[in-house]
Amino acid sequence: YESASVGELANKLGREPSEIIKKLFLLGVMATINQELDKDAIELICAEYDVEVEEEIRIDVTDLEIYFEDPDTDDEAVESNTEAIERPPVVTIMGHVDHGKTTLLDSIRDTKVTQGEAGGITQHIGAYQINSNGKKITFLDTPGHAAFTTMRARGAKVTDLTILVVAADDGVMPQTVEAINHAKAAEVPIIVAVNKMDKPSANPDRVMQELTEHGLVSEAWGGDTIFVEISALKGEGIDQLIEMILLVAEVAELKADPSVRAKGTVIEAQLDRGRGAVASLLVQDGTLRVGDPVVVGNTFGRVRAMINDVGRRVKEAGPSAPVEITGLSNVPQAGDRFVVFKDEKTARQIGESRAGEAIQEQRTEKTRVTLDNLFDQM
Ligand code: GTP
Ligand code: MG
C-alpha cells in the first residue's frame with residue numbers, strides 16, 4: 001500500500017474523515033475525502049494516532065512466502081511428476097514424569113539402532129531412526145511435550161503417532177492427561193505403553209480403567225486403542241510395541257515424494273564453537289542433499305555437511321530422516337520450517353528478507369499495525 005484515500009484511512013483508523021481532514025489541515029495538507037494520500041502523509045496521520053506503520057519492504061516477501069509454503073509449485077517439480085511413496089512414521093513419546101519415557105527411548109535405540117550401522121556412535125541430534133526388518137521408524141528424542149507445544153505453536157506438524165507411557169504402578173497422572181489432550185488436539189493417534197510391568201506392584205487393569213475415562217478404550221475391552229505391556233528397563237515388550245507402531249503407520253498410509261526438493265522442520269539447533277550454526281532437521285518431504293541451498297526459518301545457507309543419528313557423514317537424507325546440518329548463516333529455532341531452493345541466490349534473497357522481517361517485527365512489537373493488516377484489524 002503505497003497510498004490510500006482519506007476516506008479509506010479514516011475508516012481503517014476508526015475515525016471520521018472530517019477529523020482526518022482537520023488533522024491534515026493542521027499539518028499543512030489540504031485534502032478532501034477522496035484525495036489519495038502518499039506514504040508520508042499516511043505515516044504522519046498514523047503517528048498522530050500512535051499507530052505505527054511498517055515499511056513496505058514486504059512486497060516481494062508476500063509472493064515468496066507462498067513459494068516458501070509450497071515450493072513444489074515451480075516448473076521443475078511439476079515436470080518431474082513423480083508419485084509419493086511410503087515413508088517411515090515419526091513417533092514421539094509422552095507421559096507423566098518418571099513413568100519411563102527416557103528409559104523407553106534408550107531401550108528402543110539400544111535394541112534396534114545398531115542394525116546395519118555397526119561401529120556407529122550414537123549422536124544426540126534430537127531424533128533417531130531404527131530399522132526393524134527393513135522397516136524404519138523415526139523417534140523424536142525431545143520430550144513429547146516440547147515437541148508438541150513449541151513445534152505446534154510454530155505451526156509445525158512433525159508427529160505421526162505418539163506413544164503414551166503410563167507406569168503400571170502409578171496409573172494415570174496429570175501429565176498423562178495433558179499428553180492425551182495434546183495428542184487429541186493434534187489429531188495424532190495414540191498407542192498406550194503400560195510400563196514398569198516388571199514391578200510387583202504393577203496393575204495394568206487399573207491403567208486401562210483410568211484411561212477409559214479419558215476416551216482411550218483398550219481393544220481388549222471393545223475399544224480401538226492399542227495397549228502394549230512393557231518393561232522399558234528390562235527391554236520386555238519392545239518388539240511388540242514396534243510391531244504395533246508399524247501397524248498403525250501402515251494404516252495411516254504415510255507418504256512422501258523423495259524426488260522433490262526437501263522440506264521439513266527444525267528439531268533443535270545451536271551454535272557450535274567450531275562448526276557454527278548447527279541444526280537438526282527432520283526431512284518431511286523430498287531428499288535433502290549436501291550442497292543444497294536452503295532457507296531455514298529466518299536464516300539460510302548451503303548444506304555444508306550432514307551427519308546422521310549415529311554420527312555418519314551422509315550425502316543425502318530422504319523423507320522422515322533426521323539429520324544434523326551445518327552451513328547456515330544463523331541459528332534457527334526448533335519448530336522452524338526449512339525448504340530447499342533451486343539456487344543459492346533465491347535462498348539468500350528469501351532468507352535475508354525473512355530475517356529483515358523478523359527484526360522489523362521485534363522492533364515494532366508495540367501497537368504494530370502494518371498498512372496491510374491495518375486493513376484487516378480494524
Ligand atoms: P522424566 O524425563 O523426568 O519425565 O522421566 P521419564 O519419563 O523419562 O522416566 P525415566 O525413563 O527417567 O524413568 C524414571 C525412573 O523409572 C528411572 O529410575 C527408571 O530406571 C525407572 N524405570 C523406567 N522404566 C522402568 C521399568 O520398566 N521398570 C522399572 N522397574 N523401572 C523403570
Ligand atoms: Mg526423561
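1. K196 sits in the loop between β9 and α9; helices (H or I, at least four residues) and strands (E, at least two) are DSSP runs, numbered from the N terminus. Its phi is near 65°, a positive value in a residue other than glycine. K196 is partly exposed, at a relative accessible area of 21%, where buried means under 20% relative accessible area, exposed over 50%, and partly exposed in between (1.4 Å probe, protein chains only).

2. Basis of the note. This is a predicted model, in which local features need pLDDT of at least 70 and side-chain atom pairs count only at pLDDT 80 or more, while totals for chains, interfaces and linings use all residues. Residues are numbered from 1 along each chain as its sequence is written, chains are lettered from A and ligands numbered from 1 in the order in which they are written, and side-chain values use heavy atoms, with hydrogens and water left out.

3. Overall make-up. The protein chain has 12 helices and 20 strands. Of its 378 residues, 49% are buried. The chain exposes about 18,600 Å², of which carbon and sulfur atoms supply 48%; accessible areas come from the Shrake-Rupley method with a 1.4 Å probe, and for residues only the protein chains shown count as cover. Among contacts (heavy atoms within 4.5 Å) with a separation of 6 or more, 74% join residues 24 or more positions apart.

4. Surroundings of ligand 1. The ligand is surrounded by 15 residues, the closest being K101, T102, T103, K196 and D198; a residue is near a molecule or strand if one of its heavy atoms lies within 4 Å of it. The shell divides into three nonpolar, seven polar and five charged residues. In this division Ala, Val, Leu, Ile, Met, Phe, Trp, Tyr, Cys and Pro count as nonpolar, Asp, Glu, Lys and Arg as charged, and the others, Gly among them, as polar. Helix α6 gives the largest share of the shell, three residues.

5. Atom pairs at ligand 1. An N or O atom in the side chain of T103 is 2.5 Å from an oxygen atom of the ligand. For K101, a polar side-chain atom lies 2.7 Å from a ligand oxygen atom. D98 takes part through its backbone: an N or O atom there lies 3.0 Å from an oxygen atom of ligand 1. On its own the ligand has 640 Å² of accessible area, and the protein covers 69% of that.

6. Largest nonpolar core. A nonpolar core is a set of buried Ala, Val, Leu, Ile, Met, Phe, Trp, Tyr and Cys residues joined through side-chain atoms within 4.5 Å. The largest one has 25 residues, of which L104, I108, F139, I163, I191 and I245 touch the most other members. Two or more residues each come from β5 (90-95), α6 (101-112), β6 (127-132), β7 (135-140), β8 (161-167), β9 (190-195), β10 (226-229) and α10 (238-252). Helix α10 supplies the largest share, seven residues. In soluble globular proteins, nonpolar side chains tend to be buried together.

7. Leaving aside neighbours within four places in sequence, I163 is in contact with V91, T92, I93, M94, L104, I191, A193, L241 and I245. Apart from this core lies another, of 18 residues, among them V283, V296, L328 and V340.

8. T92. This residue is in strand β5 and is buried, at 0% relative accessibility. T92 and L105 are 13 residues apart in sequence, with a C-alpha to C-alpha distance of 9.4 Å.

9. Helix α9. In this helix (residues 204-212), P204, V207, M208, E210 and L211 are buried. Their cover includes β8, α8 (174-185), β9 and β10.

10. I325. Strand β18 (residues 322-328) holds I325, which is buried, with a relative accessible area of 0%. Residues up to four places away not counted, I325 touches A277, V278, A279, L281, L288, V303, A305 and M306. L281 is 44 residues from I325 in sequence and 7.4 Å from it in space, C-alpha to C-alpha.

11. N133. The loop between β6 and β7 contains N133, an exposed residue with a relative accessible area of 75%. Phi of N133 is near 50°, again a positive value in a residue other than glycine.

12. S5. Strand β1 (residues 4-5) includes S5, which is buried at 9% relative accessible area. Beyond four places in sequence, S5 touches I33, N34, Q35, E36 and L37.

Methods:
Polar contact = N/O pair within 3.5 Å; in protein donor to acceptor, adjacent residues only side chain to side chain.
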